Protein chains: 2
Amino acid sequence: MLTIIINPKSGVPVYEQIYKFIRKEIETGKIKAGEKLPSKRKLAAHLKVGLVTVETAYGQLLAEGYIRSEPKIGYFAEPIKGLKTRGREYMKDTEITDYPYKTEEKYTYDFKTNTVDTEEFPFATWAKISRKILSENRQGILNPIDFRGLWELRKEIAKYIYSFRGMDVSPEQIIVGAGSEYLISMTVKFLGMEKLYAVENPGYYKIQKIFKSSGVEVRPIGLDKYGILVKDLERSGADVVHVTPSHHFPLGIVMPVKRRLELIEWANIKDGRYIIEDDYDSEFRFSGKPIPALQGLTDSERVIYINTFAKSLTPSIRIGYMVLPKALLEKYNKELYFYSSTVPGFEQYTLAEFMKNGHFERHVSRMRNTYRERQAVLIDAITGGALGGAVEIGGRDAGLHLLLTVKNGMDEKELVESAKKFDTRVYGLSDYYEAGNEIEKNIFPEATVVAGFAGMKSDELKKAVKNLEKAWII
Amino acid sequence: MLTIIINPKSGVPVYEQIYKFIRKEIETGKIKAGEKLPSKRKLAAHLKVGLVTVETAYGQLLAEGYIRSEPKIGYFAEPIKGLKTRGREYMKDTEITDYPYKTEEKYTYDFKTNTVDTEEFPFATWAKISRKILSENRQGILNPIDFRGLWELRKEIAKYIYSFRGMDVSPEQIIVGAGSEYLISMTVKFLGMEKLYAVENPGYYKIQKIFKSSGVEVRPIGLDKYGILVKDLERSGADVVHVTPSHHFPLGIVMPVKRRLELIEWANIKDGRYIIEDDYDSEFRFSGKPIPALQGLTDSERVIYINTFAKSLTPSIRIGYMVLPKALLEKYNKELYFYSSTVPGFEQYTLAEFMKNGHFERHVSRMRNTYRERQAVLIDAITGGALGGAVEIGGRDAGLHLLLTVKNGMDEKELVESAKKFDTRVYGLSDYYEAGNEIEKNIFPEATVVAGFAGMKSDELKKAVKNLEKAWII
């Protein structure tokens with residue numbers, strides 16, 4: 001008979017102690033495969049516990065497959081080999097280490113481009129709406145959301161892009177998702193894996209990686225001063241092209257209407273061609289009106305428009321959206337309906353309300369002024385100081401970064417490294433180029449760095465420029 | 001000279017009226033390509049507006065590429081063809097239609113499986129924690145989250161699965177994402193597109209669709225009463241298999257330890273083989289302890305564990321997680337770091353706090369009792385009533401649905417359709433089978449429906465069974 005030491009004060013239920021003991025005996029081979037276990041009744045009597053307790057223990061062993069039952073004969077150990085020794089279940093709670101990842105190098109002044117000033121985020125308003133949703137819309141938060149996104153939010157987005165991007169689309173065409181990366185990887189799922197995808201070169205490094213990790217072939221296409229070279233695109237054999245016409249990253253080109261029409265013509269000319277228009281920071285143009293989106297320029301059904309709230313609100317609110325041509329809607333709804341919406345209902349309701357009450361529009365307008373001012377401060381600090389004669393500034397028309405071409409004899413790498421020595425981080429333009437691809441040298445200025453100014457306040461920008469002066473000139 | 005009618009009361013800035021007028025003249029060909037525009041000074045005098053106003057209008061036309069500037073000569077219209085007539089910008093706000101999608105057929109009693117009882121969700125506690133996070137953790141909400149998920153949340157998940165799933169893993173191995181569908185499609189990105197993926201047949205229909213939409217080949221593999229047939233899996237040539245060992249969907253099989261070890265052996269035997277263990281409703285086992293996960297059974301580095309909070313909390317909180325083998329961590333971090341976390345910081349902080357304070361554990365334990373009771377009510381209502389002699393009940397061990405095999409002469413389709421007539425929805429088991437695949441008939445009972453009971457309360461379940469009696473027997 002099994003001798004099981006039961007500790008009634010251990011806090012572990014008695015049935016569980018019996019179950020664990022027998023399991024260990026089987027795992028360690030002390031009870032051999034095929035061996036008959038004592039009957040439930042006998043074991044209960046032997047251990048002086050209730051029959052139900054032993055029944056529960058045997059039930060668990062049976063459910064996990066450690067023993068088998070032969071009706072009217074009894075219970076037998078099953079042959080089990082290769083199990084890990086289960087000592088750990090008797091251990092204390094796992095000791096959890098601290099956050100183990102090396103954080104990136106930190107600099108006091110960082111001209112990074114993938115950031116916004118979260119201090120400027122209208123958090124009080126956002127929190128107020130969040131609290132209201134929490135109090136008043138329990139069902140909205142708990143019930144599943146349409147896989148394409150919350151209708152109320154899609155309506156607000158449709159109104160916004162109608163007014164500010166010149167796009168006349170139905171909310172039906174809008175798909176909400178957890179950020180641009182997610183949405184771009186979804187485009188591959190409905191445009192097709194067999195297609196060839198083209199990206200701008202230079203361009204935002206993530207785009208190419210997303211396509212590649214989605215398993216499709218990618219061709220980097222060069223640019224001239226008007227944007228992507230449509231002839232090179234045609235020659236590449238690509239079917240789908242990802243572009244940033246409102247504000248090219250990193251060169252800052254605003255694609256003129258003529259090149260836009262050429263690009264649309266390229267897409268229209270052959271079945272299955274599509275343009276993915278990534279409008280990532282179109283909200284921030286500093287003179288005149290925003291340039292209307294390529295999407296609304298013609299009646300072409302070949303443009304998929306993608307935008308995100310990462311730049312206009314904050315990156316941690318993971319909401320992006322894409323606008324599908326009407327002709328693709330049925331395909332999307334039929335083929336991808338099983339991908340549930342990736343954005344929680346709570347955030348979707350909050351953002352919808354935030355937009356509906358005009359907070360989003362006001363915030364963007366305020367941030368446009370803030371960023372315009374920061375851009376001006378940065379330009380003034382450069383041109384008015386020791387760097388004045390040595391730095392050429394590019395990409396002023398729009399967006400949250402500038403290009404600084406420095407004529408002090410240093411190459412790009414030296415510019416970046418010397419700035420680091422003065423606690424200031426700038427980014428080499430060549431980081432955004434695909435190596436080995438033929439590049440239009442005339443638009444690839446040498447000794448040029450990318451300087452994002454959205455993450456620093458005016459006085460920080462001034463101090464950062466002082467550091468750059470020391471690094472590059474003095 | 002251009003005659004532009006300026007309406008100072010329209011609310012549209014004067015520069016914008018000028019810009020729009022000229023743009024339309026160029027779009028409609030009234031100003032021809034190459035035609036010289038009046039100088040800024042002359043136009044300003046002619047229209048009796050400031051020079052800056054005209055400069056801004058010309059600047060916008062220039063930025064969008066409608067005109068070009070020739071230094072010291074003037075501005076010229078560019079050749080633009082194929083544009084959509086821009087009448088819409090003068091329209092009122094888009095008329096937005098109501099939600100246009102047909103909602104699914106509604107039945108008063110719906111035995112659907114992809115639902116939980118949201119009324120039981122501890123909303124007050126969740127809302128309280130949410131409010132606390134909103135008040136106290138502004139920076140946490142606004143700052144970007146590690147692409148693998150919030151460290152605090154990953155720690156809480158590690159503790160939970162240590163205690164309740166027998167898994168001894170570091171939080172480093174845990175990746176948080178916006179639901180199972182997202183995480184499963186991510187597995188393809190790091191396991192590889194060239195691999196062959198296998199799924200259980202029958203199985204949850206989404207799984208196969210996710211793999212196919214991710215561009216990989218899928219093989220459905222049959223089951224016997226212990227779960228997936230490892231020999232068939234071996235024969236299929238598959239490299240990766242998706243399984244639900246804790247509670248097979250829809251058959252309700254709990255895979256015994258022997259079959260689990262065979263499966264792990266299958267994976268260990270050849271490089272590049274992996275098991276994706278989908279533990280979708282493992283929290284709800286109604287007798288004894290939960291079955292430990294396959295993941296912790298051996299030291300195998302070939303198991304990727306996936307779970308979600310959709311069943312244990314509510315589907316609208318889009319949080320799932322996967323546990324990677326240590327050997328895959330470096331690959332994941334190196335190859336997929338550019339996919340930002342898809343779950344908002346706010347939800348991650350809220351859930352971490354919710355778990356840390358024991359609310360999650362208590363909720364799951366309470367729901368286990370609730371669902372156990374509902375399962376008992378459903379079984380009693382069936383066996384104690386008119387259906388008693390005619391219905392065989394399967395899948396009682398675990399999970400939130402039962403299988404009802406009905407012996408009244410009706411086939412599966414008739415069972416489903418006749419129930420609909422009594423305002424009650426059940427689901428045919430064959431819906432979950434891949435047609436054309438050879439099936440182990442012995443585990444595919446005919447005339448069987450799937451009845452999820454998580455979405456109905458006890459009294460609703462009783463009424464639903466009354467309806468089934470009328471539909472099937474009386």
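**Entry 1: Phe21 of chain B.** I began with Phe21(B), which sits in helix H1 (residues 14-27) of chain B. Helices here are DSSP runs of H or I with at least four residues, strands are runs of E with at least two, and both are numbered from the N terminus. Phe21(B) has 25% relative accessibility and so counts as partly exposed. The scale calls a residue buried under 20% relative accessible area, exposed over 50%, and partly exposed in between, using a 1.4 Å probe and protein chains only. I then looked up the partners of Phe21(B): setting aside residues up to four places away in sequence, Phe21(B) touches Leu2(B), Thr3(B) and Ile4(B). Contact means heavy atoms within 4.5 Å. Leu2(B) is 19 residues from Phe21(B) along the chain, and their C-alpha atoms are 9.4 Å apart.

**Entry 2: ground rules.** I noted that this is a predicted model, in which local features need pLDDT of at least 70 and side-chain atom pairs count only at pLDDT 80 or more, while totals for chains, interfaces and linings use all residues. Residues are numbered from 1 along each chain as its sequence is written, chains are lettered from A and ligands numbered from 1 in the order in which they are written, and side-chain values use heavy atoms, with hydrogens and water left out.

**Entry 3: the two copies.** How is chain B superposed on chain A? I found a rotation of 180° with 0.0 Å of shift along its axis, at an RMSD of 0.1 Å. The two copies are thus related as by a two-fold rotation axis. Both copies use the same surface, since 100% of the contact residues of chain B recur in chain A. The superposition is by least squares on the C-alpha atoms of residues with pLDDT of at least 70 in both copies.

**Entry 4: Gln60 of chain A.** I looked up Gln60(A) in helix H3 of chain A. Is Gln60(A) buried or exposed? Its relative accessible area is 0%, so Gln60(A) is buried. The side chains of Gln60(A) and Glu64(A) make a polar contact of 2.8 Å. A polar contact is a pair of N or O atoms within 3.5 Å; within protein, one must be able to donate a hydrogen and the other to accept it, and residues adjacent in sequence count only if both atoms are side-chain atoms. Beyond four places in sequence, Gln60(A) is in contact with Tyr19(A) and with residues of chain B, including Arg285(B), Ser287(B) and Pro290(B).

**Entry 5: His248 of chain A.** His248(A) lies in the loop between strand S9 (240-243) and helix H10 (257-268) of chain A. With a relative accessible area of 1%, His248(A) is buried. The side chain of His248(A) has a polar contact of 3.5 Å with that of Glu200(A). A polar atom of the His248(A) side chain also lies 3.1 Å from the backbone nitrogen of Leu251(A). Among the contacts of His248(A) beyond four places in sequence are Glu200(A), Pro202(A), Tyr280(A) and His401(A).

**Entry 6: backbone.** Most residues other than glycine have a negative phi, and most peptide bonds are trans. Asn201(A) and Pro202(A) are joined by a cis peptide bond, with omega about 5°. Pro202(A) is in the loop between strand S5 (196-200) and helix H8 (205-213) of chain A. In chain B, a cis peptide bond joins Asn201(B) and Pro202(B), again with omega about 5°.

Lys48(A) has a positive phi, near 55°. Lys48(A) is in the loop between helix H2 (40-47) and helix H3 (51-64) of chain A, and counts as exposed at 75% relative accessibility. Asp423(A) also has a positive phi, near 60°. Asp423(A) is in the loop between helix H14 (412-421) and strand S15 (424-425) of chain A, and counts as partly exposed at 29% relative accessibility.

**Entry 7: Lys231 of chain B.** I ended with Lys231(B), found in helix H9 (residues 230-236) of chain B. Lys231(B) is exposed, with a relative accessible area of 69%. Trp266(B) is 35 residues from Lys231(B) along the chain, and their C-alpha atoms are separated by 9.0 Å.
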